Amino acid sequence: MNGAGRSIPHASSRAAVLDVIRAAGTISRVGIIEATGFTGATISTVVRGLIDDGLVLETGRAESTGGKPRVLLQLNRPARFAVGVHLDHSGLTYVLTDLSGAVVARMTRAGVGAEDPPLVVGRMAREVDALVDGAGVDRSRVLGLGLVAPGPLTAASGMRLTPPPMRHWEDYPLDRALREATGMPVVLDNDATAAALGEYWSGSIQDTSTFAALYMCTGIGSGLLVNGLTYHGASGNAGEIGHICVDADGPECWCGARGCTEVLAGPASVVAAARADPALARSAGLTGERKRVRPTVAAEFASVARAARRGDPAARALLERSARYLAVAARTLVTIMDLELLVLTGASLAIAGSTYLPVVRAELDRAFFARGTHAVDVRLSKSAATAPAIGAATMVLQTELVPLNQGLRVPANLAASDPHPARAGGA
Ligand SMILES: [Zn+2]
């Protein structure tokens with residue numbers, strides 16, 4: 001076996017070995033050699049370093065077919081933790097995960113609404129404290145905080161070109177403010193990309209998969225993973241399928257283009273159409289104009305979805321129309337990326353996914369260009385509402401587990417915390 005010329009998607013053997021142990025649960029040194037292609041000497045050195053750093057434990061022995069039993073290794077899960085925050089107009093979702101990405105605490109709080117960004121950041125810092133303290137976790141073990149929000153985002157200045165309800169966040173220095181408020185390193189990313197990563201780490205996706213998370217919460221987006229690594233594009237905004245065109249003569253979108261998926265299929269368009277139909281608006285409970293605070297788009301979309309589930313034909317028709325547009329966008333994505341798996345996720349698909357799933361499947365069965373070579377598996381997420389927050393936390397964990405130059409923006413103090421970045425590179 002020769003690790004030197006082998007092309008694996010990892011920049012350091014340390015990160016590669018950690019990722020193999022994470023994915024396997026428990027594994028022997030021989031198993032790691034087989035999985036990575038590195039030499040026995042390299043694996044021995046790397047594993048010793050990981051054990052010395054407290055990241056990996058030796059745990060029992062496996063039966064061997066001959067010779068002495070093999071020592072099994074596993075992640076020392078409570079050695080490190082990460083906070084993930086999903087910021088959306090409709091809600092703030094927090095998770096605390098251990099080193100394996102398993103959720104040890106979670107909470108949901110009111111969305112940001114029209115609140116001023118500095119007030120929201122102060123609230124987030126208090127809520128993160130409550131999350132970490134409530135779980136009884138020592139803060140010195142928390143690697144950092146991943147924050148994900150609707151894109152597009154820039155690393156330097158946070159949100160850009162924000163959707164209308166969040167326009168007051170445009171150019172607010174979110175990561176710097178949050179770093180100062182929490183005292184933690186902060187990593188910022190797009191919510192749909194994080195959702196894809198969250199799906200991958202929550203365990204139902206194979207390492208070899210080239211897959212996308214098709215994400216719908218208040219807006220529509222997608223996140224792409226290739227061999228377990230997120231695909232970010234030039235500015236971290238790959239996969240914005242909410243703004244690809246599905247009708248060249250369609251209505252104008254808030255992004256400035258015409259006929260975007262989001263303006264035709266997004267929750268806001270479903271809610272607007274439902275409000276324009278007095279009978280449906282009444283049936284779905286959208287008539288409460290006198291309420292002091294109007295519910296969020298995501299909450300009103302959920303009301304329409306519930307009406308559809310109760311059998312309201314007008315509600316069903318609106319969701320099916322939205323699903324057809326989303327399915328066309330999904331086909332574009334699947335065709336361009338030659339995907340083998342598409343996971344439907346995000347809070348709005350957590351509620352209405354059963355209507356969207358068969359429509360997307362039918363579109364791909366009928367019209368996916370490469371269907372002669374392989375089918376595309378389309379599934380509903382099992383953790384659709386929390387996948388972005390889990391992904392946000394795993395972005396932070398990846399700074400420990402996966403090398404740093406894969407498009408993740410890693411704070412300098414976290415990057416420097418890997419004391420052996422080049423140790424025992426492929427032999
Ligand atoms: Zn658009």
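**Exercise 1. The overall fold**

What percentage of the contacts in the protein with a separation of 6 or more do residues 24 or more positions apart account for? Describe also the secondary structure and the extent of burial.

*Solution.* The model is predicted.
Step 1: Residues 24 or more positions apart account for 65% of the contacts with a separation of 6 or more.
Step 2: The secondary structure comprises 14 helices and 15 strands.
Step 3: Of the 427 residues in the protein, 53% are buried.

**Exercise 2. The zinc site**

Identify the donors of the zinc ion and determine the geometry of the site.

*Solution.* 
Step 1: The zinc ion is coordinated by ND1 of His243 and by the SG atoms of Cys253, Cys255 and Cys260, at 2.0 to 2.3 Å.
Step 2: Along the chain, these donors follow the spacing H-x9-C-x1-C-x4-C.
Step 3: The angles subtended by the four donor atoms are 104 to 119°. Four donors count as tetrahedral if all angles lie between 85 and 135 degrees, and the arrangement is therefore tetrahedral. For four tetrahedral donors, the ideal angle is 109.5 degrees.

**Exercise 3. The nonpolar cores**

Which residues of the largest nonpolar core touch the most other members, and which helix gives the most to this core?

*Solution.* 
Step 1: The largest nonpolar core has 44 residues, and those touching the most other members are Phe301, Leu319, Leu342, Tyr356 and Leu364.
Step 2: Helix α11, residues 313-337, gives the most to this core, with 10 residues.
Step 3: A second, separate core has 42 residues, including Ile32, Leu75, Phe211 and Ile390.
Step 4: Beyond its neighbours within four places in sequence, Leu364 is in contact with Ala330, Arg331, Val334, Leu342, Arg371, Val376 and Val378.

**Exercise 4. Helix α10**

Is α10 mostly covered or mostly uncovered? Determine also its span and its packing partners.

*Solution.* 
Step 1: Helix α10 consists of 13 residues, 297-309. From first C-alpha to last, α10 reaches 18 Å, close to the 18 Å expected at 1.5 Å a residue.
Step 2: The helix is mostly covered, since 10 of its 13 residues are buried under the 20% cut-off. Among them are Val297, Glu300, Phe301 and Ser303.
Step 3: The buried residues of α10 pack against β11, α8, α9, α11 and α12.
Step 4: Gly311 follows α10 and has a positive phi, near 100°.

**Exercise 5. Val104**

Where is the place of Val104, and which residues is Val104 in contact with?

*Solution.* 
Step 1: Val104 lies in strand β6, residues 103-110.
Step 2: With a relative accessible area of 43%, Val104 is partly exposed.
Step 3: Leaving aside neighbours within four places in sequence, Val104 is in contact with Phe81, Leu96, Thr97 and Asp98.
Step 4: Val104 and Ala135 are 31 residues apart in sequence, and their C-alpha atoms are 7.3 Å apart in space.

Definitions and conventions: Residues are numbered from 1 along each chain as its sequence is written. This is a predicted model: local features need pLDDT of at least 70, side-chain atom pairs count only at pLDDT 80 or more; totals for chains, interfaces and linings use all residues. Side-chain values use heavy atoms; hydrogens and water are left out. Donors are N, O and S atoms within 2.8 Å of the metal (3.2 Å for Na, K and Ca); water is not among the atoms, so sites may look incomplete. Four donors count as tetrahedral if all angles lie between 85 and 135 degrees; four count as square planar and six as octahedral if opposite donors are over 155 degrees apart and all others between 65 and 115; anything else is irregular. A nonpolar core is a set of buried Ala, Val, Leu, Ile, Met, Phe, Trp, Tyr and Cys residues joined through side-chain atoms within 4.5 Å. Buried means under 20% relative accessible area, exposed over 50%, partly exposed in between (1.4 Å probe, protein chains only). Helices (H or I, at least four residues) and strands (E, at least two) are DSSP runs, numbered from the N terminus. Contact means heavy atoms within 4.5 Å. The expected span of a helix is 1.5 Å times one less than its number of residues.
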